[in-house]
Amino acid sequence: MEAVKEKEDFEPRITAFLCRWCAYAGADLAGVSRLEYPPNIIPIMVPCSGRIDPQFILLALKNGSDGVLIGGCHTPNDCHYISGNFKALKRFALLRKYLKQLGINPNRVRLEWISATEGKKFSQVVKEFTEFLKKLGPLKLR
Amino acid sequence: MKKQVKIAIVAGASCGGCDVAIANLHERLLDVVARSDIVFWHTIADFKKEDLEKQRNIDFGIFIGSIRTEEHLELAKILRERCNFLIAFGTCACFGGMFGLGNVAERYELLKVGYITTPSTENPREVIPGNKFEVNGVDLTLPRLTEWCMPLNKVVNVDIFVQGCPPIEEAIDKFYETIIAYADNGVAPERGTVIAGGKTLCDICPREKPEKITIKRFRRVHEGPIDPNKCLLAQGIICLGPITIAACNAACIRANMPCRGCFGPPPDVLDRAAKFISTIASLVEIENEKLLSDEELIKIVEEIEDPLGTFHRFTFPSGLINKKQEDAEE
Amino acid sequence: MKVIKIDPITRLEGEARISILLDDNGKVKDAFFQVMEFRGFERFCRGRPVEEMPRIVTRICGVCPWAHHMASGKTVDAVFGREPTETAKKIREIGYCAHMLDSHTVHFYFLAVPDLLVSPDAERGQRNVAYLGKIAPEVVKEILRQRRNITKIETIIGGKSIHPVCNVPGGVSKGLSEEEAKEIEEYAKDTLKFLDIWLEKWEKEILTKYEDLIYSDVYHQETYYMGIVGDGNTLNFYDGDIRVVDQRGKEVFRFKPEDYLNYISERVEEWSYTKFPYLKPIGWKGLVDGPDSGIYRVGPLGRLNVIDKISTEKAQEAYKRYIEAGGKPTHFSMFYHWARIIEMIYSCERILELITDEDITSKDTVNYDGDFVGEGVGVVEAPRGILYHHYKTDEKGLVEMANLIIPTTQNNPSISLEIKKAAQKLISNGEISEGILNRIEMAFRAYDPCLACSTHSLPGGLPLIVTVYDSNGALIKEIRRGGK
């Protein structure tokens, strides 16, 4: 009974690294358009998804996040700095492999391309990701 | 009359390589011996634990190896209490070292494999050493493992770090000069010093580096000939040069083998595996990113086998996440 | 019951203590050689790419990393179904002989010989090479100079002398240049001259001065012996059949590396992290020697007992004198030290044979052809004895299983036996002195134990299970306590 209650009360904490030019703008648009999404994310603006150091992601997980969202511009052509998003994509793929070896569910880290006009997509992603993490449960690091 | 420096050399979980490295000062060893009063070094001298416990005012306590058992924990504390400057000597003491890979499993599992499941072991009663064991009322229990393997600075304050697996002669020489400066002129080394400098291996690597390094596919070292003149990364071979401190003489590179990072990272790195994930993934098809689909790029990246065992082979206990987790699967 | 603990034991590689139990009359009831260190290699090697293993397993031991590098290299050759090129085999053997010199000089000069060159009964602070350096600086300086040259040979071939990197599946990562070959040749010639002096010193001075100690029945076991033999049963560190002889020197087993599981089993005891291997077909009869007990010895003493001759001239002459003095097989443990000198002489001569070979500078150092097998066994003679590596991989070549049987582990039963014998014979009426305790330690020192190697496995806190058996081996009672 206790465990079930814990899960029902559990509100996942998501750190979202959002690139200034696309994903963060998309998040702003969601806000301005009054689209609803769960308040579980803590948005952090970065100039480009290519600025996201995998160390940030590990730090976030270590410091209490149950999930990490990376938001960047669509490949192949939307990145304001030309190819920063490709770096994020490739690093993310390798980080997932690493997380698996560490025994952490790699789906706790999610990468999405969200353009400045995709306010709706943004709110949908946050909703889905929050639901997923709620079901999965908190990240309990040893 | 020049002052004698009091030194103690104490080992945690060590392979013995650092002891041999100090002995491999060769002729210089006699200079070291002439200026120092070595009060504990179990590999070379006969002082026992009781002698170490009686010591006071050791100038330099050198700790080799990582913390893997309660005995090591105790020795680290004994040494810290009795010495002025505590040195983490070698990659194990600084970062956990190779035995840190033991953190991929809980102690019981490591034990089970060694004493029960290996094919030549015959142990029908499933005896595992380390439990309480007495003979005629005499306690002969072996020291237990600590829950996880740890570098020295996770259990006591460390003053000086000498990186290397093992540290090279030049680093040990530099360290020795530091000791003598203290003995002769009272010049105290700065606490937190890393005896190695701040650059990475790529800076001292003798190979040709192209203007841009791009990796089209990854090759493991057995797959084909390795060109001894070109940058290894440019040949698609994983080399940890970018994330390894330049404190060796690029010995492995000169032997035509890629760097595996045994000297540890440069300063100010929080998690070396994460840093290298950033480097190596970025280089995949860096000239052709826009010509390939997301899936094609991911496929190449996923060719990399065993990121944990390759990027954190010597430093896992010092990582941001430094032990195997048991997270839920869907 | 009183206990004397020698903690830690010193002048060896590794963490251990000796616990001696005395009854109320001061007689030694029992003595335990308790190895206290733990690793976990056999578990944490799983998941690693198998071609990386030669560089991973060197960290089992920094005093004999080449032994693991070589055994692992041969195992990985077998996993990939590759036969190394002729040049690669020769380069490996040169590096390996240089390592034999490195490891044996570390043991002989830094660990063992202070007992004999200073004195077994000297005070605690004097029984070490640093003190020798103060009383005989020229002697020690020459030893150190020789070691500089020996480690240089290792560096040329392996990249690093401690933790070499050159072995790849099918060969070695780089070849030798003319200059390098010349340099190696000069060093080997010089070291050979140096060893001549020490062989003479041993035979003429040390053997006579310590005759009682060396031939005493304190340091004497009649065990089986195991080692690799080359064609014609010659000394060979790198390759050959595995031969076991009995207490009379008669061959009882001869097998190939792949069949090792039929001949060796390892037991476990609660009081040491090191296991207790024994000859499976003979069986385990406890810590006793003799033909009914499967205990066997490896290392220089074992090797010189299983071979019939040495293929190089000077070493063979020295060997003949050794056999005259000790018998064949030799059961005196102190002869380990003499055997080491002879093996060092062989190593120099062997390097000189190989380095002058015409294709030693060939660039053909790796054979990339072979059919992937996914399993392999590699066996070499480590300085301390015969070493077995055995890996199984998945189809991608990632390790699934690793089994290692270590020389010092194989000597562990004999060491345990010898410690107990030494304690019982040297301690009476509970009287102990610095000299007596040191002489007990000299019992294990002859074996040149390498404990980091012997305990590559890892224990931890467990539920306690106590099982009680009657004299027929039937289970009477089992008591369990607690979780982790």
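**A guided reading of the predicted model**

Chain B has a mean pLDDT of 94, and 99% of its residues reach 70 or more; pLDDT is the predictor's confidence in each residue, on a scale from 0 to 100. Among the elements of chain B, the lowest mean pLDDT, 80, belongs to strand β10 (residues 193-194) of chain B, and the highest, 98, to helix α12 (residues 307-311) of chain B. Helices (H or I, at least four residues) and strands (E, at least two) are DSSP runs, numbered from the N terminus. This is a predicted model, in which local features need pLDDT of at least 70 and side-chain atom pairs count only at pLDDT 80 or more, while totals for chains, interfaces and linings use all residues. Residues are numbered from 1 along each chain as its sequence is written, chains are lettered from A and ligands numbered from 1 in the order in which they are written, and side-chain values use heavy atoms, with hydrogens and water left out.

In chain C, 3 strands form an open antiparallel sheet in the order β12-β13-β14; two strands pair if DSSP finds at least two bridges between them. Strands β12 (375-382) and β14 (399-405) of chain C each have a single partner strand and stand at the edges, so one side of each lacks a neighbour in the sheet. From one strand to the next, the twist averages 15°. Strand β13 (residues 385-393) of chain C pairs with β14(C) in the antiparallel sense over 6 bridges. Tyr388(C) has Ile405(C), in β14(C), as its bridge partner.

Two helices pack on this sheet. Helix α3 (residues 65-79) of chain C touches β12 and β13 of chain C, and its direction makes about 150° with that of β12(C). Helix α13 (residues 407-426) of chain C touches β12, β13 and β14 of chain C, at about 125° to the direction of β13(C). Contact means heavy atoms within 4.5 Å; axes are lines fitted to C-alpha atoms, for helices over the stretch in contact, and angles run from 0 to 180 degrees between N-to-C directions.

Aromatic rings come next. Rings of Phe, Tyr and Trp (its six-membered ring) pair if their centres lie within 6.5 Å; planes under 30 degrees apart count as stacked, over 60 as edge-to-face and the rest as tilted. By this rule there are 36 aromatic pairs over all chains. Phe108(C) and Trp202(C) form a tilted pair, 6.4 Å centre to centre with 55° between the planes. Phe108(C) lies in helix α4 (residues 86-112) of chain C and Trp202(C) in helix α8 (residues 178-209) of chain C, so the pair ties together parts that are 94 residues apart in sequence. Both residues are buried, that is, under 20% relative accessible area, where exposed means over 50% and partly exposed in between (1.4 Å probe, protein chains only). Ring pairs link Phe108(C) and Trp202(C) into a cluster whose members include Trp198(C). The charged end of Lys201(C) sits over the ring of Trp198(C), 4.9 Å from its centre; for such a placement, NZ of Lys or CZ of Arg is within 6 Å of the ring centre and within 35 degrees of the ring normal.

The backbone of chain C also holds particular features. The peptide bond from Asp7(C) to Pro8(C) is cis, with omega near -5°, and Pro8(C) lies in the loop between β1 (2-6) and β2 (16-22) of chain C. His163(C), although not a glycine, has a positive phi of about 70°; His163(C) is buried, at a relative accessible area of 1%.
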